[in-house]
Amino acid sequence: MKFYPNYIDGQWVEAKSGRRYQSINPANGEVLGEVALSGPEDVDAAVEAARKAFESWRLYPAPKRGEILFRAAEILVRRKEELARMLTREMGKVLPEARGDVQEAIDIAYYMAAEGRRQFGHTVPSELPDKFAFSVREPIGVVGIITPWNFPTAIPFWKMMPALILGNTVVFKPASDTPIMAALLVEVLEEAGIPKGVVNLVYGPGDTVGEALIRHPHVQLISFTGSVESGKHVAVTAAQHGMKRVTLELGGKNAIIVLEDANLDLAVDGIIWSAFGTTGQRCTAASRVIVQRSVAKKLEEKLVERISKLRLGDGLLETTDVGPLIHTRARDKVHMYVEIGKQEGARLVVGGEPAMEGELAKGAFYKPTLFAEVKPDMRIAQEEIFGPVLALIPVDTMEEAIKVNNSVQYGLSSAMYTQDVNKAFKAIRDLATGIVYINAGTIGAEIHLPFGGYRNTGNGHREAGQAALDAYSEWKSVYVDYSGRLQRAQIDNQ
Ligand code: NAP
């Protein structure tokens, strides 16, 4: 069986303890490989390597750093199918979506490669004569990257590419459930020519390996994507250990609003894709549909017809629409929420139980589920379920719909279906989420726009696009006085 070691200072190495664990296919329980089970001592070695490498990487010309990232993108293009297939086996999403996950990594690698020649600062006039003023971006140092399993290629590259192009070095702790994908990404960077120590990979549990990374005195930034619960812990711990910078990309409880003038068939396409794509395990997945009462019944009927036809199975099969959940614990959590929904008085319309027929019994499958007549304050309408469960919430007006949309602790993505341009623009203004779609579902972000959310979805940072550069750099303002005399700002020019 293939073994996946850590990658530290340019070497593939066992965990110092020699311990290992297994990566499992959630569709059928197949063991995919063995992985290093590290501890804090491995984090120490990785951070030390990254610290040493920072001294030369920060001085390596940014356009040259860009060439390495560009090569990584080219290698990913070449290996796209191989990575996508392993992604489906390790994480469970259907193959076309796995290809999309890899494509997102390719897109961000090309985008950030070009930033090597485009790290613009500002040159501005000084308020004093014979004085020159400008600002430049500088790298921060060693960046600790902690990622979830649901986008095991896109999210690590969303973080690594901006960190690297700006001259930071990286210690990467991937989710324990998708370790092989992390190894493949690091292999790509190694082949692209990333110098030793610039990227390091340490496997292991969040509460020991992740924790050691957050507490480490020589890590300057923690870039974290995961649940709100873990994110809060990361923020508190990072503040207590060196007042580190922390970027948090956390959960969602995203809604699609369907107004009575909407094209209902178009809305149904967007709802099915957003609610059941990736088996509902996207931070941007739609788990609420807020619908104007006059069209609620019609929409429900159309949804039931489509949901009943969704085919569960191994994501590698072309016949599969919806893959497994990441593991049986996740399936149990989804079922717990379904029971809560029933107890709260929501009407279960379709689904509502694990799928155990035939081959499905070997994996973590759950039937796509729809609840109707859900009230906005029910737990199934407030809490992130992270599975194939959708709640239909009837309302009377657009204003009420927007209020309901904004009434959850999360604020990542929202969508509205309407044919009325005036309503669309009011919604764009009033929907309190970091991403808004008009006449499209809640998923499908593109890498050159900022990505992140309001309220508990994060702490104000954004990934992707130009916004990501701010997360991974310090601004330095420089004043050069060539007057040959003391000039005091705010005093000598009055
Ligand atoms: P999670 O349990 O918070 O885990 C995320 C990562 O944090 C994993 O690598 C995990 O390690 C690690 N971790 C857990 N506890 C830690 C600790 N005490 N210290 C340091 N690291 C720790 O989340 P998940 O279940 O993997 O992912 C699902 C969540 O991510 C959902 O809430 C989803 O909405 C969110 N998400 C958000 C975005 C976004 O951009 N906003 C994107 C994708 C997913 P182990 O794997 O070893 O437990």
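Strand S11 (residues 221-225) and strand S12 (residues 245-249) run parallel and are joined by 5 bridges, where strands are DSSP runs of type E with at least two residues, helices are DSSP runs of type H or I with at least four, and both are numbered from the N terminus. Two strands are taken to pair if DSSP finds at least two bridges between them. Within this pair, Phe224 stands opposite Leu248 in S12. Strand S12 is mostly covered, with 4 of its 5 residues buried; buried denotes under 20% relative accessible area, exposed over 50%, and partly exposed the range in between, with a 1.4 Å probe and protein chains only.

The model described here is predicted, and local features therefore need pLDDT of at least 70, side-chain atom pairs count only at pLDDT 80 or more, and totals for chains, interfaces and linings use all residues. Residues are numbered from 1 along each chain as its sequence is written, and side-chain values use heavy atoms, with hydrogens and water left out.

Strand S1 (residues 3-4) runs parallel to strand S5 (residues 31-36) and is joined to S5 by 2 bridges; Phe3 stands opposite Glu34 in S5, and Tyr4 opposite Val35 in S5. Strand S4 (residues 20-24), by contrast, pairs with S5 in the antiparallel sense over 5 bridges, and Ser23 has Gly33 of S5 as its bridge partner. S4 and S5 form a hairpin with 6 residues between them, and Gly29 in the turn has a positive phi of about 80°.

Leu37 lies in the loop between S5 and helix H1 (40-57), and counts as buried because its relative accessibility is 15%. Leaving aside neighbours within four places in sequence, Leu37 is in contact (heavy atoms within 4.5 Å) with Ala15, Ser17, Arg19, Arg20, Tyr21, Tyr203, Gly204 and Pro205. Leu37 and Glu14, which are 23 residues apart in sequence, have C-alpha atoms 8.4 Å apart in space.

Helix H4 (residues 154-165) packs with helix H3 (residues 95-115) at an angle of about 10°, the two axes being 8 Å apart; axes are lines fitted to C-alpha atoms, for helices over the stretch in contact, and angles run from 0 to 180 degrees between N-to-C directions. H3 and H4 are therefore roughly parallel to each other, given that angles under 35 degrees count as roughly parallel, over 145 as roughly antiparallel, 65 to 115 as roughly perpendicular and the rest as oblique. The contact is made by residues including Ile108, Ala109 and Met112 of H3 and Phe157, Trp158 and Met161 of H4. By class, this contact of H3 with H4 has 11 nonpolar, no polar and 3 charged residues, where Ala, Val, Leu, Ile, Met, Phe, Trp, Tyr, Cys and Pro count as nonpolar, Asp, Glu, Lys and Arg as charged, and the others, Gly among them, as polar.

The axes of H4 and helix H2 (residues 62-91) come within 9 Å and cross at roughly 155°, and H2 and H4 are therefore roughly antiparallel to each other. Here Ala62, Arg65, Gly66, Leu69 and Leu76 in H2 meet Phe157, Met161, Leu164 and Ile165 in H4, and the residues of the contact divide into 7 nonpolar, 1 polar and 1 charged.

A further open sheet, of 7 strands, has the order S15-S16-S17-S14-S13-S19-S20, with mixed pairing. Its edge strands are strand S15 (347-350) and strand S20 (435-438), each of which pairs on one side only, and neighbouring strands are turned by 20° against each other on average, direction ignored. S15 and strand S16 (residues 369-372) run antiparallel and are joined by 3 bridges, with Phe371 in S16 the bridge partner of Leu348. Helix H10 (residues 328-344) packs on the sheet, touching S15, S16 and S17, and its direction makes about 20° with that of S16.

In helix H12 (residues 398-405), the buried residues are Met398, Ala401, Ile402, Val404 and Asn405. Seen down the axis of H12, these residues fall within an arc of 160°, so they line one face of the helix; the arc is that of the directions from the helix axis to the C-beta atoms. Glu399 and Lys403, on the other side of H12, are exposed. The buried residues of H12 pack against elements including strand S13 (254-258), strand S14 (286-292) and helix H13 (421-430).
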